[in-house]
Amino acid sequence: MNMAALKVVWSGVGLLQSSVNLPKQVFRCSWGMVEQIRGYYVDWRMLRDVKRRQMAFDYADTRLRINALRKNTLLPKELQEIADKEIAALPRDSCPVRIRNRCVLTSRPRGVKRRWRVSRIVFRDLADHNHMSGIQRAMW
């Protein structure tokens, strides 16, 4: 299989994509505009996480400005209180703390290898069957 037949596209979820003719979706992220070829998610939890990531990206500048006002001790207390109310008025999912790293293949929330974005179980299975280049089981 050549490199043109298999490509990895970062879509907020970072799904492994094949170059099959599927509907494309375009997302905005910190890297700019990227497209996702896969038209479905593993389950509703993954879809919810994707929506949270998109909303956190959309409101990142606003949250940064308001938090700078909130934490500036040189400003009067009235301005800090107004900034507190403004940050509370933003959507809850716009907070990046609510984003959860999930396996892109199974949507498992625990034991996710950050570099590959897959769970430890999927990682071991892919490594055992030589589907990951550069990964080798330890032998002694």
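Which residue forms a salt bridge with Asp93, and how far apart are the closest N and O atoms? The partner is Arg52, with the closest N and O atoms 3.1 Å apart, a salt bridge being a side-chain nitrogen of Lys or Arg within 4 Å of a carboxyl oxygen of Asp or Glu.

## Basis and confidence

This is a predicted model, in which local features need pLDDT of at least 70 and side-chain atom pairs count only at pLDDT 80 or more, while totals for chains, interfaces and linings use all residues. Residues are numbered from 1 along each chain as its sequence is written, and side-chain values use heavy atoms, with hydrogens and water left out.

The average pLDDT (the predictor's confidence in each residue, from 0 to 100) is 80 for the protein, and 73% of the residues score at least 70. Over residues 1-23 pLDDT stays under 50.

## The Asp93 and Arg52 pair

The structure holds seven salt bridges. The one between Asp93 and Arg52 links distant parts of the chain, 41 residues apart, with Asp93 in the loop between helix H3 (77-89) and strand E5 (112-113) and Arg52 in helix H1 (residues 44-58); helices (H or I, at least four residues) and strands (E, at least two) are DSSP runs, numbered from the N terminus.

Arg52 is buried at 16% relative accessible area, whereas Asp93 is partly exposed at 25% (buried means under 20%, exposed over 50%, partly exposed in between, with a 1.4 Å probe and protein chains only).

## A pair between helices

Asp84 and Arg70 also meet in a salt bridge, at 2.6 Å from N to O. Asp84 lies in helix H3 and Arg70 in helix H2 (residues 60-71), so this pair ties together parts that are 14 residues apart in sequence.

Terms used
Contact = heavy atoms within 4.5 Å.
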